[in-house]
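Please keep the sequence and the structure in view while you read.

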Amino acid sequence: MQEKVTIAVDALGGDHAPSVVLDGVAEALAADENLNIVLCGPAQTVEPFAARHARCVAQATTEFIDMAEHPANAVRKKKDSSIVVGCRLVKEGAAQGFFSAGSTGACLAAATLVMGRIKGVARPALATVVPSPLKPTVLCDVGANADCKPEYLVQFARMASVYAEKVLGVDDPSVGLLNIGEEETKGSQFAQQAHELLKEKEPRFKGNAEGRDVLAGTFDVIVTDGFTGNVALKTLEGTAKVLFGQLKQVLTASPTAKLGALAIKGGLSDLKNRVDADAYGGAPLLGVKGACIVGHGSSNARAVRNGILTTALVVRADVSGLIEQTALR
């Protein structure tokens, strides 16, 4: 039997909120009978929904952080926004985790400023599970820290390894450093210094990972600075979108092509599921006190559902506690 857990959810997070968020919350509640939700948002949105759904409590808020606002300033000024209130509920113990598909910057700022960093963590890092037909890879950092020091990447590796072990079920995850070549001497001065530190301090470090390794499943965890990681992630997402779009055009271009598409429909559906980022629902911010999962702005109901369930899994696996105990040695 799963442990009972309470997750705060931002009802206003995402391009299609609140409708897809409400649908995703309903699906998550149906999927996990030991899940409780505190739904944060305008009273007219969250209160009627909570009244219709068991195990859901409304937390009315009066402010909203827009995607275009300066994250840190917005978090400081809009203390009754759904994002800030959700993180405050975690800090106060009314919830154990927070999920939002809203402004990534605001979520990072609120989680860091309100929930707080784990003692010893220099910089919390945003990780993501890169879906692959072979096996998933945890990429960290993907946007929380555009400017890094080499020593940060050692902590990123240890925190992301805990996530790979406890959430993805990877035994003794291998770690790679995203670089422009396999050789130790390749890359910028930053990359070479990071390589040296990882080799010295991280027993599971296996060397440099090139861009082609991200989808190949060569490593279980790949670390980099947040600027490089974000560019790599957005490149992969854009490439997948274009390729699947072009494939759809080719397979519907003529009656003959449509017949061929029908014959391989099952295989295509399976492939799409294996590379679908919505299966994980969001990216964890590692290094803060409590679970914080940030969903994609374009999240649909399925992504919201999976993001909430992943948040609950992170809480039950005590990822934050394990990071504090083991990842900062």
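A residue is called buried when its relative accessible area is under 20%, exposed when it is over 50%, and partly exposed in between, with a 1.4 Å probe and protein chains only. The model is predicted, so local features need a pLDDT of at least 70 and side-chain atom pairs count only at pLDDT 80 or more, while totals for chains, interfaces and linings use all residues. Residues are numbered from 1 along each chain as its sequence is written, and side-chain values use heavy atoms, with hydrogens and water left out.

## Residues in loops

Helices (H or I, at least four residues) and strands (E, at least two) are DSSP runs, numbered from the N terminus, and Pro136 sits in the loop between the strands β5 (125-130) and β6 (137-140). Although Pro136 and Glu237 are 101 residues apart in sequence, their C-alpha atoms are 14 Å apart in space.

| Backbone feature | Angle | Loop |
|---|---|---|
| Cis peptide bond, Ala17 to Pro18 | omega about 0 degrees | Pro18: between β1 (5-10) and α1 (19-31) |
| Cis peptide bond, Cys140 to Asp141 | omega near 10 degrees | Asp141: between β6 and α6 (150-166) |
| Positive phi, Arg55 | phi about 70 degrees | Arg55: between α2 (43-52) and β3 (56-60) |
| Positive phi, Asp172 | phi about 50 degrees | Asp172: between α6 and β7 (175-178) |

## A mostly covered helix

How many of the eleven residues of helix α4 (residues 82-92) are buried? Eight of them are, so that the helix is mostly covered, and these buried residues are Ser82, Ile83, Val84, Val85, Gly86, Cys87, Leu89 and Val90. Where contact means heavy atoms within 4.5 Å, the buried residues of α4 pack against the strands β1, β2 (35-41), β3 and β4 (97-100), and also against the helices α3 (71-77) and α5 (104-115). Just after α4 comes Gly93, which takes a positive phi of about 90 degrees.

The protein chain is divided into domain 1, made of residues 1-121 + 287-321, and domain 2, made of residues 127-277, with bounds that come from an automatic or database domain assignment. Taken over C-alpha atoms, the centres of domain 1 and domain 2 are separated by 26 Å.

Eleven residues of domain 1 are in contact with ten residues of domain 2. Between them the domains bury about 790 Å², of which 64% is on carbon and sulfur atoms; buried area is the accessible area (1.4 Å probe) that two parts lose on being put together, summed over both. To the side of domain 1 that touches domain 2, helix α12 (residues 301-316) gives the most, with four residues. By class, this side of domain 1 has six nonpolar, four polar and one charged residues, where Ala, Val, Leu, Ile, Met, Phe, Trp, Tyr, Cys and Pro count as nonpolar, Asp, Glu, Lys and Arg as charged, and the others, Gly among them, as polar. The count of salt bridges (a side-chain nitrogen of Lys or Arg within 4 Å of a carboxyl oxygen of Asp or Glu) between domain 1 and domain 2 is zero.
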